[in-house]
Amino acid sequence: DGIRDVERSRGLGDVYKRQDMRVLDIGCAYGYLLKFFDDMGCETYGIDISEHAIEQARKVTKAKMYVWDVENGLPMFQDNFFDLVTMLHVIEHLRSPYNVLKEIYRVLKSGGKLIVGTPNLNAIARLLLKLIGREREWHGFQDETHIYLFTPLSLRFLVERCGFKVLAVEAPLMPLQKVPQIIRKVIDRLNLGGTVFIIAEKEG
């Protein structure tokens, strides 16, 4: 889930460890990541396109919630409002990732952080499936609601084009079974894990 995604992202450092943050989770689903920030003492907000998801999220988080399609912008928020925006496994579903990222840039404070997570088109799982002629079975291709898929490089390029300074790009291995440490290190170094994370900052 979102909490494990965030904590497995090695480059986060102290991005999410301030207790006075105002946080927005886009695609908040059942609210577990927001609960994580609630427990830290943050002021939390959540958006999801699913009314059912928002109903469930309200049972676990005290965040202010919105049933909303982020493709329509973030008109409910003023400029320079948030310290942190998270958007995990959402960007691949968007018709215009650029427009959504520009709107996130608007609502972030100067120095505010953005965390994006999305399936990694360079994932070793896809590459191995390709070797045996079964590439289309990779989960990134199986989900028919995916519109765009990104490599670490292409996601970085997009985020920078939207005005952000990229602080970290990584795609760590998150296997279902243990693998030898040397293999894990190689995969992590080459960003071949299943999810690519971007941590970026609004400068100015």
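Good morning. I begin with a pair of helices: helix 4 (residues 97–107) packs against helix 7 (residues 152–161) at an angle of about 50°, and their axes lie 9 Å apart. Helices here are DSSP runs of H or I with at least four residues, and strands are runs of E with at least two, numbered from the N terminus. This is a predicted model, in which local features need pLDDT of at least 70 and side-chain atom pairs count only at pLDDT 80 or more, while totals for chains, interfaces and linings use all residues. Residues are numbered from 1 along each chain as its sequence is written, and side-chain values use heavy atoms, with hydrogens and water left out.

Pro97, Tyr98 and Leu101 of helix 4 make the contact with Leu158, Val159 and Arg161 of helix 7, contact meaning heavy atoms within 4.5 Å.

I turn now to asparagine 191, in the loop between helix 8 (181–189) and strand 7 (195–201). Is this residue buried or exposed? Asparagine 191 counts as buried because its relative accessibility is 16%; buried means under 20% relative accessible area, exposed over 50%, and partly exposed in between, with a 1.4 Å probe and protein chains only. Its side chain reaches the backbone nitrogen of alanine 171 at 2.9 Å.

Finally, helix 2 (residues 32–40) has buried residues Leu33, Leu34, Phe36, Phe37, Asp38 and Met40. Glycine 41 follows helix 2 and has a positive phi, near 95°.

Terms used. Axes fitted to C-alpha atoms, helices over the stretch in contact; angles between N-to-C directions. Polar contact = N/O pair within 3.5 Å; in protein donor to acceptor, adjacent residues only side chain to side chain.
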